[in-house]
Amino acid sequence: VTIREVSRLRLATLDHRGSYMQIGKAFEPLFGWFAARNLLGSGTRSIGVYYDDPFATAEDDLRSRAGLVVDDGFRMEAPLIETVIPEGRHAVLRHKGPYATMRSAYQWFFGPWLTQSGEEVADAPVFEEYLNNPREVAPSELLTDIYLPLK
């Protein structure tokens, strides 16, 4: 785990409701929208924003957003929703492996690590940055940075 100062991120997002493991259903049309306009590039950053605790919220009620980082000059149009991640301190845990194994990473991050760190969670959503493409690498090689906002 590293502590990082994260700069403000402006995202073009689509809403997703339900299992966090199904957020791909929002990423697919999002990437399609950007691809149809020739707006995807090698530097495109994809972010998942997660608003609810999956251990305390019914799966059908979980809220999240699939997003791509855009600059301030980007013109948001329907069906895109602007989502801003404010600047601030974050604890960052890099997970390597299938998305399906991230649950145990979260349990460790919010359990043993957080209680022993002396840090306090800020009132902001957790987000994940997907560092490689599941269509290009094996599930065992997927890299995801999990950002936990701190006070």
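This is a predicted model: local features need pLDDT of at least 70, side-chain atom pairs count only at pLDDT 80 or more; totals for chains, interfaces and linings use all residues.
1. Residues are numbered from 1 along each chain as its sequence is written, and side-chain values use heavy atoms, with hydrogens and water left out.

2. Now to the partners of β7. Strand β3 is joined to β7 by five bridges, and the two run antiparallel; within that pairing, Ser 46 has Tyr 130 as its bridge partner in β7. Four bridges join β7 to β8, again antiparallel, and Glu 129 stands opposite Asp 145 in β8. Two strands pair if DSSP finds at least two bridges between them.

3. The whole sheet is open and has eight strands, in the order β1-β6-β8-β7-β3-β4-β2-β5, with antiparallel pairing. At the edges stand β1 (2-6) and β5 (81-85), each with a single partner strand, so one side of each is left without a neighbour in the sheet. From one strand to the next, the twist averages 35°.

4. Please look next at how the helices sit. Helix α1 packs on the sheet and touches β2, β3 (46-50), β4 and β7 (126-130), with its direction making about 25° with that of β4. Helix α2 (residues 102-117) lies across β1, β6, β7 and β8 (143-149), and runs at about 35° to β8. Here contact means heavy atoms within 4.5 Å; axes are lines fitted to C-alpha atoms, for helices over the stretch in contact, and angles run from 0 to 180 degrees between N-to-C directions.

5. The largest nonpolar core has 17 residues, of which Ala 12, Phe 27, Leu 30, Phe 34, Ala 66, Phe 74 and Leu 80 touch the most other members (such a core is a set of buried Ala, Val, Leu, Ile, Met, Phe, Trp, Tyr and Cys residues joined through side-chain atoms within 4.5 Å). Two or more residues come from each of β2 (9-17), α1 (24-36) and β4 (63-69), and α1 gives the largest share, five residues. Leaving aside neighbours within four places in sequence, Leu 30 is in contact with Ala 12, Leu 14, Ala 66, Gly 67, Leu 68 and Leu 80. Apart from this core lies another, of 12 residues, among them Ala 105, Leu 114, Val 126 and Leu 150.

6. Aromatic residues deserve a point of their own, as the structure holds 11 aromatic pairs (rings of Phe, Tyr and Trp, the last by its six-membered ring, pair if their centres lie within 6.5 Å; planes under 30 degrees apart count as stacked, over 60 as edge-to-face and the rest as tilted). Trp 33 and Phe 74 make an edge-to-face pair, 6.3 Å centre to centre with 70° between the planes. This pair links distant parts of the chain, with Trp 33 in helix α1 and Phe 74 in the loop between β4 and β5, 41 residues apart. Both Trp 33 and Phe 74 are buried. The charged end of Arg 37 sits over the ring of Trp 33, 3.8 Å from its centre (the criterion is NZ of Lys or CZ of Arg within 6 Å of the ring centre and within 35 degrees of the ring normal).

7. One aromatic cluster is formed by Phe 27, Phe 31, Tyr 99 and Tyr 130. Tyr 99 counts as partly exposed, at 24% relative accessibility, whereas Tyr 130 counts as buried, at 11%.

8. Two backbone details are worth a check by eye. A cis peptide bond joins Ala 78 and Pro 79, with omega about 10°, and Pro 79 is placed in the loop between β4 and β5. Asn 38 has phi near 60°, a positive value in a residue other than glycine; this residue, Asn 38, is in the loop between α1 and β3 and counts as exposed at 71% relative accessibility. Most residues other than glycine have a negative phi, and most peptide bonds are trans.

Methods:
Buried means under 20% relative accessible area, exposed over 50%, partly exposed in between (1.4 Å probe, protein chains only).
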